[in-house]
Structures are given as structure tokens and as C-alpha cells.
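Please look through the sequence and the structure shown below before reading on. The briefing that follows takes the topics one at a time, and it is meant to be read with the structure in view.

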Amino acid sequence: MILSCKEASHLVSEGLDRRLGLAERVALRLHLAICDGCSHFRKQMLFLRKAMRRLAESD
Ligand SMILES: [Zn+2]
């Protein structure tokens, strides 16, 4: 199963809010292994989420 970048980025943001199923995680990992754009997007999302959480906690 090969995801498009659109599907992969959708799964990346979904994965921040809920636990992905096994098939979703495998498909996403495969896509991230071959796609620099989406790995970068995922890193940015993780960083942003961490930053947002830190901001919320400091208040
Ligand atoms: Zn991609």
C-alpha cells in the first residue's frame, strides 16, 4: 500500500490526536522512509505540538 503525500500528511496529523491502527502506522512509516517532504512535515508537527504544550503548561 503506497500512500500519496496528501494521505500521509493526513495520517501524520491524525496520529497526533489519536492512536493510528497497525495498517496505518505501517503505511505511514513506509511513506516516511521514501519521502523527505513528509518526514520533514512530521518533524515540524511534532515540534509544534511540543512547543504548544509547553506554552499551555507555562500559563
Ligand atoms: Zn510524502
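**A network of salt bridges**

In this predicted model, Glu 14, Arg 18 and Glu 24 are joined in a network of salt bridges.

**The salt bridges**

- The count of salt bridges comes to two, and one of them brings together the side chains of Glu 14 and Arg 18, with a distance of 2.8 Å from N to O.
- The side chain of Arg 18 also meets that of Glu 24 in a salt bridge, where the distance from N to O is 3.1 Å.
- Glu 14 counts as partly exposed because its relative accessibility is 26%, and Glu 24 is likewise partly exposed, at 25% relative accessibility.
- Arg 18, which takes part in the salt bridges with Glu 14 and with Glu 24, has a relative accessible area of 36% and is therefore partly exposed.

**The chain as a whole**

- The protein chain has three helices and zero strands, and reading along the sequence gives the pattern α-α-α.
- Taken along the principal axes, the box filled by the C-alpha atoms of the protein chain is roughly 45 × 25 × 15 Å.
- Of the 59 residues in the protein chain, 22% are buried.

**Helix α2**

- Helix α2 covers residues 22-34, which makes 13 residues, and the distance from its first C-alpha to its last is 19 Å, close to the 18 Å expected at 1.5 Å a residue.
- The buried residues of α2 are Ala 27, Leu 28, His 31 and Leu 32, and they line one face of the helix, because they fall within an arc of 135° when α2 is seen down its axis.
- As background to this pattern, an α-helix has 3.6 residues a turn, so residues three or four places apart point the same way.
- Leu 22, Ala 23, Arg 29, Ala 33 and Ile 34 are exposed residues on the face of α2 that is turned away from its buried side.
- The buried residues of α2 are covered by parts of the chain that include α1 (5-17) and α3 (36-58).

**The zinc ion**

- Which atoms coordinate the zinc ion? The donors are SG of Cys 5, NE2 of His 31, SG of Cys 35 and SG of Cys 38, at 2.0 to 2.4 Å.
- The arrangement around the zinc ion is tetrahedral, because the four donor atoms subtend angles of 103 to 115°.
- Along the chain, the donors of the zinc ion follow the spacing C-x25-H-x3-C-x2-C, and within this set the pair of Cys 5, in helix α1, and Cys 35, in the loop between α2 and α3, links distant parts of the chain that are 30 residues apart.
- Cys 5 counts as partly exposed because its relative accessibility is 42%, whereas Cys 35 counts as buried, with a relative accessibility of 13%.
- The C-alpha atom of Cys 35 is separated by 9.9 Å from that of Ser 4, although these residues are 31 residues apart along the chain.

Methods:
Residues are numbered from 1 along each chain as its sequence is written. This is a predicted model: local features need pLDDT of at least 70, side-chain atom pairs count only at pLDDT 80 or more; totals for chains, interfaces and linings use all residues. Side-chain values use heavy atoms; hydrogens and water are left out. Helices (H or I, at least four residues) and strands (E, at least two) are DSSP runs, numbered from the N terminus. The expected span of a helix is 1.5 Å times one less than its number of residues. Buried means under 20% relative accessible area, exposed over 50%, partly exposed in between (1.4 Å probe, protein chains only). The arc is that of the directions from the helix axis to the C-beta atoms. Contact means heavy atoms within 4.5 Å. Donors are N, O and S atoms within 2.8 Å of the metal (3.2 Å for Na, K and Ca); water is not among the atoms, so sites may look incomplete. Four donors count as tetrahedral if all angles lie between 85 and 135 degrees; four count as square planar and six as octahedral if opposite donors are over 155 degrees apart and all others between 65 and 115; anything else is irregular. A salt bridge is a side-chain nitrogen of Lys or Arg within 4 Å of a carboxyl oxygen of Asp or Glu.
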